[in-house]
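Biologist: Could you take me through this model, one contact at a time, and say how each term is defined as we go?

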Amino acid sequence: MNRALLSGLVGLSVLTSGCAKIEGEAGSRLNLIKRRGELVCGVSGKIPGFSFLGSDGKYKGIDVDICKALAAGILGDSRKVKFRPLTAPERFTALQTGEIDVLSRNTTINLSRDSSGGNGVTFAPVVFYDGQRLMVKKSANINSLNDLQNSNICVGSGTTTEQNLNDTFQEKNISYTPIKYQDIDQVVQGYLQNRCKAMTSDGSQLAAARFGFSNPSNHIILDSVLSKEPLAPASRGGDQRLSDAIRWIIYALFEAEEQNISNSNIQQQVKMARSNKSLTSLRRFLGVDSGLGSKLGLPDDFVVKVIESTGNYKDIYEKHLGEKSSVPIPRGLNNTYLNGGLHISPPLK
Amino acid sequence: MKLNKRILLQFIVFIVLVSIFLVLLNNLIVNILRTQIGLSFKWLLQPAGFALSESVLPFNPSNTYLWALCIGWLNSMKVVLSSLILATFIGTLIGMGRISRNRLIYIFSSSYVTFIRQIPLLLQLFFWYFVAFLSLSDIPLGYLGGLIQISNQGLFLLGVKLSVEFSALLIGLSIYTAASIAEIIRGGFTSVDKGQWEAYRSLGLPEKIGLARIIFPQALPAILPGLTSQYLNLAKNSTLAIAIGYADIYAVSDTTITQTGRAIEGFLLLLISFLILNLVISRAMEMVNKRILETVNRS
């Protein structure tokens, strides 16, 4: 009975749908982005170091630079990006409805989000390995999770943090009350105004938030890690051309770091590759010998454009999260595998 | 001929409306087919896995999503109904103040309406929550011999503890809606013929009895329709709860949608629950309206 109704509706919709076309190979969003001449990128806009509106009215951060790198790779110009600030609950809807092309907004990869039975998005390589932590006031004398028995904990809604908090605390048999706000700003306010003994979020976000406090040294981030949070950009599922392009542009950032090619020496490297025919792998990587780019539907010199505009992964990291930046976070897992980190690029062949 | 023409016109309008609806439905179906996700409500019976800061009935994270949504709905009902009562009370007082012959009361209530109506509700909620309540100290301030106690932990009313989120939302929503209700009450009172006021005053009836027995019953038919729409607004505005951390239906569906990835189904349920909430309010008000009109007509 239900099936009859559904097939009736489907039949009706096919009859009435003259213009709704099912997306195929030719209908990849990659072509749409090229036709439009602009990449629409969803960011947070509220996390210093990742995506934050600077005093000059421009977005800055590692998530923002990923968008710029993608625009440079796809369109040849890192300025051809439009940023859309999104809250955590909005982000997947914005991606599914096609309001944005790419989501570059501290998004944790997990099974439900990746699978076609869940959010159905396709994830790019991890650009930042993070973990959920708790921040407390030094004066409260809290040293471990057990000291948080029966207390309020401020948490943002629409994120995996809420679920991780519950999983961890239930497992350890610690009872608590979540005070849940929609936005990180309000989580911080609630915590600072003593509504909660602790606030929880990804370690990087806590570090970024603490940076803005009037007295950062009065707050400590507890050692216990509640979850692993591999953060990665995402695009809509079922669009291989676009997701491949995104994936390999990001790998190119890692590969360039592995090969010590940065925005300061990229021109030299291109010159060297042009003049020396024996440097086959470098010639391939920089598009002097054509082939790699066109397989992805990108210009052959896409790697050069990317590195010219944003630098390699290390350049991006040092600029926004390095020791001299305003939100210093030690590289740790976010180093290249050559230095004991987790970032590694498969061969660009 | 004329009748035929009218029927034809109605028929055309009907066809247009139906086709618009079909186009929208078609878009939804095509899009769902395209994303290959499909509609499913099976997730409703899975364990929610998140805790709620407050609930009217017992709730723990191993209960289902369905139960979590029900608790959210009940939390919404709780704040909507109590704000509705408080807003009507404040609104009536202020509305009467607006027609008062006492200069001080008049100025106070007029400024209340002007001031409150100019400021967006979200800002007012932030004010009540972050500035008014959370800035208080731990030691409760007692009023009316301890019947009401206020601290940064919330309100204690006659021994009942109300969370600080609920209290801020209750007060913010009530004070905001009361300003609009006051204007409706004032409009209702001024719609009563001037002769009626003069009549009870010349009969020497005390002001209180005159207002309650003569003016108020005649003002009610003019007040009720406007009041209904304010009540509906209040119910819809209650979704701003999520901004100040109150676990209402919107906040719960928000978490549900994130965890399950079922955005379309989640929003459908949210739409339906609000439809039910608002239908209950408007139906109740319709019944009150009908009863009052009957009494007025009979007398």
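Biologist: How many residues does the contact take from chain A and from chain B?

Modeller: This is a predicted model, in which local features need pLDDT of at least 70, side-chain atom pairs count only at pLDDT 80 or more, and totals for chains, interfaces and linings use all residues. Residues are numbered from 1 along each chain as its sequence is written, while chains are lettered from A and ligands numbered from 1 in the order in which they are written. Two residues are in contact if their C-beta atoms, placed from the backbone, lie within 7 Å. On that criterion the contact takes 38 residues from chain A and 32 residues from chain B.

Biologist: Which element gives the largest share of the side of chain A that touches chain B?

Modeller: Helices (H or I, at least four residues) and strands (E, at least two) are DSSP runs, numbered from the N terminus. The elements that contribute two or more residues to this side of chain A include α1 (2-16), α6 (160-171) and α7 (184-192) of chain A, as well as β10 (176-181). The largest share, 5 residues, comes from β10(A).

Biologist: By class, how many polar residues has the side of chain A that touches chain B?

Modeller: Ala, Val, Leu, Ile, Met, Phe, Trp, Tyr, Cys and Pro count as nonpolar, Asp, Glu, Lys and Arg as charged, and the others, Gly among them, as polar. On the side of chain A that touches chain B there are 9 nonpolar and 5 charged residues, and the polar ones number 24.

Biologist: How far apart are the centres of domain 1 and domain 2 of chain A?

Modeller: Chain A is divided into domain 1 (29-127 + 232-328) and domain 2 (131-229), with bounds that come from an automatic or database domain assignment. Contact between them involves 13 residues of domain 1 of chain A and 16 residues of domain 2 of chain A. Taken over C-alpha atoms, the centres of the two domains are separated by 31 Å.

Biologist: Why are α6(B) and α7(B) described as roughly antiparallel?

Modeller: Axes are lines fitted to C-alpha atoms, for helices over the stretch in contact, and angles run from 0 to 180 degrees between N-to-C directions. Angles under 35 degrees count as roughly parallel, over 145 as roughly antiparallel, 65 to 115 as roughly perpendicular and the rest as oblique. Helix α6 (residues 194-202) and helix α7 (residues 207-237) of chain B have axes 10 Å apart and pack at an angle of about 165°. The two helices are therefore roughly antiparallel.

Biologist: Which residues of α7(B) does α6(B) meet?

Modeller: From α6(B), the residues in the contact are Gln196(B), Trp197(B), Tyr200(B) and Arg201(B). Their counterparts in α7(B) are Gly210(B), Ile214(B), Ile215(B) and Gln218(B).

Biologist: How are α2(B) and α7(B) oriented to each other?

Modeller: The axes of helix α2 (residues 65-98) of chain B and α7(B) come within 10 Å and cross at roughly 135°. The pair is therefore oblique.

Biologist: Which residue of β3(B) is the bridge partner of Gln149(B)?

Modeller: Two strands pair if DSSP finds at least two bridges between them. Strand β2 (residues 148-151) of chain B runs antiparallel to strand β1 (residues 141-143) of chain B, with 3 bridges, and Gln149(B) is there the partner of Gly142(B). With strand β3 (residues 154-157) of chain B, β2(B) is again antiparallel, joined by 4 bridges. In β3(B), the partner of Gln149(B) is Phe156(B).
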